[in-house]
Amino acid sequence: MSTYEIVYQEDARGVNWKDLAEVYKRAPLGKLDPGKLRRAYADSEVGCFAFSGAALVGGGRTISDDEAPATVCELVVAPEYQRQGVGRAILRSILRKLAVPRVILACVHGQQDFYRREGFLSHKSVMALYANTQWFVENANLESGDPANAAAAYSD
Ligand SMILES: CC(C)(COP(=O)(O)OP(=O)(O)OC[C@H]1O[C@@H](n2cnc3c(N)ncnc32)[C@H](O)[C@@H]1OP(=O)(O)O)[C@@H](O)C(=O)NCCC(=O)NCCS
């Protein structure tokens, strides 16, 4: 456990993208290429990073066109810093900066109650189209459908 106070910043100053990729991997939120992460954050509307001393311990980002509902793309906290209010602080920082007071997100299965505590509700009519439908059916609460339809949507 660190004795540093957590510091939150909106810009990517001092962010080491390999470190952020490592946080994603350990959180876990998946294996992401550091270069792609840097581009994704650069192209996002609002980002926030959490530091404990020099250590990057969390991040999050949203995309928005300032008209349609913004999308929270990712929110991540290093395991040893989870359940200490860091994720909530990142999320609130992001939401404060958005121009539109409407936000949607596709939640990692099992994290719904974290978002419910911040006022989010499940949307009964949100739809998704993924080429790898079956993975989402098995791992992410997507209703069963015909995988051939999704495959066809992405074919020529
Ligand atoms: C989800 C995540 C970002 C939450 O961040 P965190 O720093 O651990 O959460 P916080 O400590 O800020 O939690 C705020 C509150 O929500 C609660 N909470 C956190 N995760 C929760 C969960 N999965 N289910 C229920 N409650 C949860 C906390 O106990 C805390 O409660 P309190 O208001 O009584 O203090 C973090 O656990 C994480 O990075 N997980 C792995 C990656 C991931 O799944 N990201 C989500 C993408 S949708």
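This report describes the overall build, the paired strands and the ligand surroundings of one predicted protein model.

**Overall build**

The protein contains 6 helices and 5 strands, and, read from the N terminus on, these elements follow one another in the order β-α-α-β-β-β-α-β-α-α-α. The radius of gyration is 17 Å, close to the 15 Å that the globule rule gives for 156 residues, so the protein is as compact as a globular protein of that length. Along its principal axes, the C-alpha trace extends over about 50 × 30 × 25 Å. Of the 156 residues, 19% are buried. Among contacts with a separation of 6 or more, 53% are made by residues 24 or more positions apart.

**Two domains**

According to the domain assignment, the protein divides into domain 1, covering 6–123, and domain 2, covering 126–156. The centres of the two domains, taken over C-alpha atoms, are separated by 25 Å. Where the domains meet, 4 residues of domain 1 are in contact with 5 residues of domain 2, and the side of domain 1 that touches domain 2 is made up of 2 nonpolar and 2 polar residues, with no charged residues.

**The paired strands**

Strand S3, which spans residues 55–63, is mostly covered, since 7 of its 9 residues are buried. S3 pairs with strand S2 (residues 46–52) in the antiparallel sense, and S3 also runs antiparallel to S4. The table sets these two pairings side by side.

| Pair | Bridges | Residues between the strands | Residue with positive phi |
|---|---|---|---|
| S2 and S3 | 7 bridges | 2 residues | Gly53, near 60° |
| S3 and S4 | 6 bridges | 6 residues | Asp66, near 65° |

Which residue of S3 is the bridge partner of Cys48? That partner is Gly60, and Gly60 in turn has Leu75 as its bridge partner in S4.

**Around the ligand**

How many residues surround the ligand? There are 19 of them, and the closest are Gln82, Gly87, Arg88, Val108 and Asp113. Strand S4 (70–77), helix H3 (86–97) and helix H4 (112–116) each contribute at least two residues to this shell. By class, the shell around the ligand holds 9 nonpolar, 6 polar and 4 charged residues.

Conventions. Residues are numbered from 1 along each chain as its sequence is written. This is a predicted model: local features need pLDDT of at least 70, side-chain atom pairs count only at pLDDT 80 or more; totals for chains, interfaces and linings use all residues. Domain bounds come from an automatic or database domain assignment. Two residues are in contact if their C-beta atoms, placed from the backbone, lie within 7 Å. Ala, Val, Leu, Ile, Met, Phe, Trp, Tyr, Cys and Pro count as nonpolar, Asp, Glu, Lys and Arg as charged, and the others, Gly among them, as polar. Helices (H or I, at least four residues) and strands (E, at least two) are DSSP runs, numbered from the N terminus. The radius of gyration is taken over C-alpha atoms; the globule rule is 2.2 Å times the number of residues to the power 0.38. A residue is buried if 20 or more other C-beta atoms lie within 10 Å of its own, exposed if 12 or fewer, and partly exposed in between; C-beta atoms are placed from the backbone. A residue is near a molecule or strand if its C-beta atom, placed from the backbone, lies within 6 Å of it. Two strands pair if DSSP finds at least two bridges between them.
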